[in-house]
Amino acid sequence: MLKLKELSLLTSRRELSSLPDGKLLINTINAHSYNTALKDSLFAEALTKGDVLIPDGASVVMACRWLKAKSQPVERIAGWDLFVHEMDRLNRKGGTCFFMGSSEKVLELIRKRAAVDYPNIKVETYSPPYKPEFSEEDNKGIIEAINRANPDLLWIGMTAPKQEKWTYTHWKELEIHCHVGTIGAVFDFFAGTVERAPLWWQEHGLEWLYRLLKEPKRMWRRYIIGNTLFLKNVVKEMIN
């Protein structure tokens, strides 16, 4: 069973600069993914056996302190922070970035914005079929498209836990040499189809509340029930 206090996490945004080059799987963990991983063994395996795990949630940072965890993050490292760091890095030297996931509409908005924000990056995209499970043919098409592009940076965006499990399961088939980040929500943030919380909310660990207030019907279960369950699971881990 996944235990938050035993995870190896990055502890600050500054550590993103020290990640080694080469094929590297970077995942994020927040309250929702922690809750989900306790019920989904493949998802838990994908998170713990990736190369890098970043604390994408103020609740995870606080829980690590309460649990006296092995890793003690000093700040939240959002998926957006990872995205900006990696894109800036690639833009400085030039190269190809591949976005796999989301709809063609969102990917088109990503291509347009990237052409302005990151002019030295060639962007390639792939919108997979919208279905709960991919067929063997679907997976083959995705893998072939990524390998053919041979990107210098790869983003997978299909929401958790699907994106983490897919990437982990097909890791050996991806014949690539780059950093790979599973950052579903960031696709929408960058495309502008979902508004990210203003800086004040981010800095005070309240981005989740902003999203709840913006989309109560869609987010209430994840944040009201999910955050309560997260506290319950952390307490359970604390006493066991």
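A residue is called buried when its relative accessible area is under 20%, exposed when it is over 50%, and partly exposed in between, with a 1.4 Å probe and protein chains only. The views below show a predicted model, in which local features need pLDDT of at least 70, side-chain atom pairs count only at pLDDT 80 or more, and totals for chains, interfaces and linings use all residues. Residues are numbered from 1 along each chain as its sequence is written, and side-chain values use heavy atoms, with hydrogens and water left out.

**View A. Trp66 and a nonpolar patch on the surface.** Trp66, found in helix H3, counts as partly exposed because its relative accessibility is 43%. Together with Met62, Leu231, Val235, Met238 and Ile239, Trp66 forms a nonpolar patch that has about 600 Å² of accessible area. Helix H3 (58-66) and helix H11 (216-239) each supply at least two residues of the patch, and H11 gives the most, with four. Helices (H or I, at least four residues) and strands (E, at least two) are DSSP runs, numbered from the N terminus.

**View B. The packing of helix H10 against H11.** Helix H10 (residues 207-214) packs with H11 at an angle of about 140°, and their axes, which are lines fitted to C-alpha atoms over the stretch in contact, lie 7 Å apart. That angle makes H10 oblique to H11, a word for angles that are not under 35 degrees (roughly parallel), over 145 (roughly antiparallel) or 65 to 115 (roughly perpendicular).

**View C. Helix H8 and the glycine after it.** Helix H8 (residues 184-191) is largely enclosed by the rest of the structure, because six of its eight residues are buried. The buried residues include Val186, Phe187, Phe189 and Phe190. H8 is followed by Gly192, whose phi is positive, near 90°.

View D. Most residues other than glycine have a negative phi, and most peptide bonds are trans. The peptide bond from Ala160 to Pro161 is cis, with omega near 5°.

Methods
Patches are made of residues with over 30% relative accessible area and no salt bridge: like charges are joined within 9 Å, nonpolar side chains (Val, Leu, Ile, Met, Phe, Trp, Tyr) within 5 Å. Accessible areas come from the Shrake-Rupley method with a 1.4 Å probe; for residues, only the protein chains shown count as cover. A salt bridge is a side-chain nitrogen of Lys or Arg within 4 Å of a carboxyl oxygen of Asp or Glu. Axes are lines fitted to C-alpha atoms, for helices over the stretch in contact, and angles run from 0 to 180 degrees between N-to-C directions.
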